[in-house]
Amino acid sequence: MARPRVFSGIQPTADSFHLGNYLGALRQWVPMQETHDAFYCVVDLHALTVSPEPAQLRARTRVAAAQLFACGLDPERSTVFVQSHVREHTELTWILLCLTGMGEAARMTQFKDKAAKYGESAAGVGLFTYPMLMAADILLYQADQVPVGADQKQHLELTRDLAQRFNHRFGDTFTMPEPFIPKEVEKITDLQDPTAKMSKSSSSPQGILDVLEQPGPLRKKIMRAVTDTGSEVLFDETNKPGISNLLRIQAALTGTPIPELVARYEGQGYGTFKKDVAEAVVETFSPIRERTEKLLSDETELDRLLAIGAERAAAVARETMAVVRERVGFLPKL
């Protein structure tokens, strides 16, 4: 029996992934190689919505790919590739754009939030049509399942709507993707503002734990993390959001249940607890950083691995687009 196909992507918009990316996506993707036909993509086309410098985008794309391999993605068991290496993504996006209503696109939360925050003039057409590119990413590979968090559910619903619309108008073509809800991951918040999500776009540098950061700065950030009144290590999101966040981090990285951690640090105060959280982070990230650095030291080999993934992905994409082109009425090229 064929394994279900899964598709997911991650943007190369920073010099390192952070702890939230690691727990919410990367660590989830690795075991799925064993149970799914896995397609994982560095979505560099999506990254253009934040207007990166060309050299920066190129470098960050390699860094993102190296981190994926360093976290445990195996090019023999997963198709790992760069989005712009498969041109069918943009072709299918145009077709889906022609099936999308203006009102439908305007209701997408990501565009509405950015337009409200910065003004519509700062939110470009690329951001407006971002969900249709995401739909093309998924439908191009006939994905059965898509790992989604709460912030992406609306986009997957649009993907399903567009697949259904195309299938109804042109005949059964696209697989209807279902949400894949990974093992629940606790929300990781900003170390300096534990009421806000850890995020590259909104957190201060001191509030983020980067996967590629050196042990010294990682330890300092955790030791300086905002805590709460009192000295007891307790899980109380209302009165102790800072300590609760650090407990979530340690529990996620060590596999130790939070109640067990609370009992362990009874009467010990914040100092010992923070040191142990720091060690858990360093022990997790250091091997990934070292493997990433090794991969980046040989760009030719890294690019070779990505070329293998791109060719594998392109073979699937070409097959899908051959059917799509015929069904929408494009004249075949002789």
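Author: This is a predicted model. The mean positions of its 38 positive and 43 negative charges are 2 Å apart.

Reader: What makes a residue count towards those positive and negative charges?

Author: Lys and Arg are counted as positive, Asp and Glu as negative, while His and the chain ends are left out.

Reader: What does the secondary structure of the protein come to?

Author: The protein has 13 helices and five strands.

Reader: How do you know whether the span of helix H10 agrees with its number of residues?

Author: Helix H10 covers residues 241-254, and at 1.5 Å a residue its 14 residues should span 20 Å. Its end C-alpha atoms are 20 Å apart, therefore the span agrees.

Reader: Why is H10 called largely enclosed by the rest of the structure?

Author: A residue is buried when its relative accessible area is under 20%. Twelve of the 14 residues of H10 are buried, so the helix is largely enclosed. Among them are Pro-241, Ile-243, Leu-246 and Arg-248.

Reader: Which helices do the buried residues of H10 pack against?

Author: They pack against helix H1 (19-32), helix H9 (215-223), helix H11 (258-264) and helix H12 (269-296). Contact here requires heavy atoms within 4.5 Å.

Notes: Residues are numbered from 1 along each chain as its sequence is written. This is a predicted model: local features need pLDDT of at least 70, side-chain atom pairs count only at pLDDT 80 or more; totals for chains, interfaces and linings use all residues. Side-chain values use heavy atoms; hydrogens and water are left out. Helices (H or I, at least four residues) and strands (E, at least two) are DSSP runs, numbered from the N terminus. The expected span of a helix is 1.5 Å times one less than its number of residues. Buried means under 20% relative accessible area, exposed over 50%, partly exposed in between (1.4 Å probe, protein chains only). The place of a charge is taken as NZ of Lys, CZ of Arg, CG of Asp or CD of Glu.
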